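Look at the structure below together with its sequence. The paragraphs after it begin with one residue and then widen to the whole chain.

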Amino acid sequence: MADLPARRGGGMLGAPRGWDPFERMQELLGFDLGRMLGPQGTREGGFVPDFEVKETQDAFIFKADVPGVEEKDLEITLAENRLTISGKREEERRDESDRYYAYERNYGSFSRTFTLPRGVNADDVQADFKSGVLNVRIPKKSEEQPKRIKVGGGERSDKAKA
């Protein structure tokens with residue numbers, strides 16, 4: 001299989017494009033600079049899982065895409081108001097006699113720490129791991145949840161009338 005440069009699609013609305021030195025450099029060197037830098041701007045070649053963090057009325061929900069990570073390689077800690085999720089994805093054994101045309105998968109250790117607002121119930125944290133997705137649910141303390149106050153319609157007490 002020969003190394004052929006990849007051609008990318010046209011520019012805006014199919015308008016013809018001029019010569020792009022960065023695209024030419026990517027073709028000549030055989031790598032995609034945008035893919036190397038990743039969404040955060042820098043990637044050091046290690047495994048960086050994607051997270052989704054949301055707040056519901058009664059809890060904070062964390063979801064992490066960790067394909068290829070085994071449950072035994074995950075560690076979740078909650079200290080004070082800081083949640084730390086760390087783990088590692090082991091590199092598969094490669095046979096050096098094999099020829100790879102693309103090797104884009106990342107391996108290694110990762111650690112992410114999130115600072116939570118006060119009022120979480122650290123005694124009732126739930127975590128499950130299924131199909132490469134880690135779910136962590138941290139409930140809020142009941143006194144931190146908003147209380148509904150009924151307005152009007154009730155009888156006044158004798159003390160309130162005086």
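Threonine 84 sits in strand β4, which covers residues 82–89. The model shown here is predicted. Threonine 84 has a relative accessible area of 18%, and because buried means under 20%, threonine 84 counts as buried. Once its neighbours within four places in sequence are set aside, threonine 84 is in contact with Glu75, Ile76 and Thr77, and also with Ser111, Arg112 and Thr113. With threonine 113 there is also a polar contact: the two side chains are joined at 3.1 Å.

Phenylalanine 22 is next. This residue belongs to helix α1, made of residues 21–29. Is phenylalanine 22 buried or exposed? Its relative accessible area is 57%, and exposed means over 50%, so phenylalanine 22 is exposed. Phe22 also takes part in a nonpolar surface patch, together with Met25, Leu28 and Leu29. The patch has an area of about 440 Å².

Now consider the whole protein. How many helices and strands are there? The protein has 3 helices and 7 strands. Along the sequence they follow the pattern α-α-β-β-β-β-β-β-β-α. Of the 162 residues, 20% are buried. The protein exposes about 13100 Å², and 49% of this comes from carbon and sulfur atoms. Among contacts with a separation of 6 or more, 51% are between residues 24 or more positions apart.

Key. Residues are numbered from 1 along each chain as its sequence is written. This is a predicted model: local features need pLDDT of at least 70, side-chain atom pairs count only at pLDDT 80 or more; totals for chains, interfaces and linings use all residues. Side-chain values use heavy atoms; hydrogens and water are left out. Patches are made of residues with over 30% relative accessible area and no salt bridge: like charges are joined within 9 Å, nonpolar side chains (Val, Leu, Ile, Met, Phe, Trp, Tyr) within 5 Å. Accessible areas come from the Shrake-Rupley method with a 1.4 Å probe; for residues, only the protein chains shown count as cover. A salt bridge is a side-chain nitrogen of Lys or Arg within 4 Å of a carboxyl oxygen of Asp or Glu. Helices (H or I, at least four residues) and strands (E, at least two) are DSSP runs, numbered from the N terminus. Buried means under 20% relative accessible area, exposed over 50%, partly exposed in between (1.4 Å probe, protein chains only). Contact means heavy atoms within 4.5 Å. A polar contact is a pair of N or O atoms within 3.5 Å; within protein, one must be able to donate a hydrogen and the other to accept it, and residues adjacent in sequence count only if both atoms are side-chain atoms.
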